[in-house]
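Keep the viewer open as you read.

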Amino acid sequence: MSRNGTSGGTSSATSDKSLRDRFVAWLKMFFAAKILVPFWALLTPVKKLEGGPRPSVQPGDNVQRMMNLIMPLKDKSAIGRAKAALAIAQNKDEIYAGLDNVGTVHFARFVIVDDNICMFSVYDGDFTNYIRDFIVTIGSVFDAVVELVEGGEKVIPSAENVEKFIDWVHDHDAYQVSDVATDILRDQEQANGDAGPGGNDDLRLLPRSLILQLNVNTNVSLGSGYRAYPGYSAAQVRQQFGVGW
Amino acid sequence: MTDPTQAERLVQSIIADFPDNDPKKRPIHTIGIGVKGTFEPSEVAPDYCIAEHFQPRPKDDPVKVTVRFSNGSGSPKQHDGWNDVRGMATRFHLANDGATDLIAMTLGGFFVRSVDEFFDFTNSAHQTPVKPESALCKIIDALSLKVPLPDPPPGQTQSGNAGTLDYANKHRFAQLAIFQAGIIGAPVSYVRAVYHAVHTFFVVGPDGLRRPVRFSWKPVAGVQTTDPTKAPVDDYLQGELRKRLEKWPARMMLMMMIGEAGDVLEDPTVPWPAHRVRVVMGTLSLEEVAADQVADGEKLSFNPWRLVRGIEPSSDPLLKARRDAYEVSRTRRGVTQCPFLPE
């Protein structure tokens, strides 16, 4: 009896404590998200940093580049998501034909995340040329997918709107947060036209820079892409395996 | 050659931060442990570098190595659990009593690019009294979305952190290394950390091709640091290593990142992009803690310029300065000199 009683009392106290802890944690989160972040975003606004890969300067920068397109579906229901799934499934042959012809893609994946259709790919070469090549080879697949996406109707058919389509894709390409911690500061300074040597920075504000950037840039790619065989193109890999190109 | 007076001043500027430093011990990385082991080059290593330790050898005659793991501080007081850079100095023992060294640390880059900047940095980062931030300041930091200042570990009364941060705020080139150093933590084991040789070297291949490279050691056991929310333990790293090696050798992979035309060669504050080609150059097997810690640890004199045919230093001014600073340190400690390759 006493054992049960003790146990019950402890459980109740633990439960109260747990409830209090959860409430305090919720309060902190609420205060940070709903008051602190909007306050600093208003007081120290940041520019939304551009998506896509950084400029390629050297040969190694020009291979295995990442594209992370996150495109909100018009129809935010299971039916809308099913339409997107169908658009990919119906075009399997076109996609493989495009991959084989373009020859610069390591892999490409279509993923539905909530109400977004996402295309994640790793490719070699210039971003503009990459999209241009795909418009030529599988523009119909892009059109089928983009038609389902908010604002997509303005840039299809892609073959007739090449430059607009490339810009649209670039706008949907996620900002790539570097795995070099201080690059977020450098990117922000560059966006503000500040390329100086410093002198009046506050390194302890690095978390705020990241938070405010994520406040305006909700979809981002993390890290520079973790590669098992960095520095090699898809063509070089296929050649080494003796499978053509 | 660098100015010997400058080398003296470099060592003095480091010692100045550690008033309790023993002149017969290293000015920094004072606490350490010597370990014996072997190095086996990878199959591809000879394709990239003609250096003796990268050539194929019989399985029963591997390259013998001595490694000294260390804590970064120049204080003779051991604080294994403190947030600190760790060192891994490796000596490859070669034929005819030859040797080459590879000196690495857990920080991926340096704070400064030149000797003058180093002096500025040490002037700025001198030790000042330190105490925990007040509760009010912590609240203000949290409201400002700022990194809170970490509480000094028990027993720490002086720290260079305030000056270091001030230097970083004034010099963007220093910010990455200083930020990383601030969060580097303490490894659970000396063999569960990545060690970077930081500077650029050139390796010469059998075809005569010179490639700019940066070396790093990657632990086969994986990377793990201690829980920063728990009180730091002062003395565990050497005991952990002894126990570990009694059971099984610990292994580290030597990785070599190859730079490309246009990559920064002379500035150790700038990391190379992670997507440069990286080559497995070999595996180090650490087998036992050296029985004679004086001969195989404290009296060993490492030098990043102790190189062999096939590996050349870059023109990095800090790498140049380290050659003579290490010599000053060696002389100060009364340790026997090992021969350098002729310049």
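**Sheet, helix pair, interface**

Chain A has an open sheet of three strands, ordered 1-3-2 and paired antiparallel (strands are DSSP E runs of at least two residues, helices are H or I runs of at least four, both numbered from the N terminus; strands pair if DSSP finds at least two bridges between them). Strand 1 (65–72) and strand 2 (105–113) of chain A sit at the edges with a single partner strand each, so one side of each has no neighbour in the sheet. This is a predicted model: local features need pLDDT of at least 70, side-chain atom pairs count only at pLDDT 80 or more, and totals for chains, interfaces and linings use all residues. Residues are numbered from 1 along each chain as its sequence is written, with chains lettered from A and ligands numbered from 1 in the order in which they are written.

Look at strand 1 of chain A again: eight bridges tie it to strand 3 (residues 116–123) of chain A, antiparallel. Asn68(A) faces Phe120(A) of strand 3 there.

Now for the helices. Helix 3 (residues 92–102) and helix 4 (residues 127–146) of chain A pack at about 175 degrees, axes 9 Å apart (axes are lines fitted to C-alpha atoms, for helices over the stretch in contact, and angles run from 0 to 180 degrees between N-to-C directions). That makes the two helices of chain A roughly antiparallel, a label for angles over 145 degrees.

Finally, the chains meet through 26 residues from chain B and 29 from chain A, contact meaning C-beta atoms, placed from the backbone, within 7 Å. On chain B's side, helix 6 (175–182) gives the largest share, five residues.

Key: Parallel < 35°, antiparallel > 145°, perpendicular 65-115°, else oblique. Contact = placed C-beta atoms within 7 Å.
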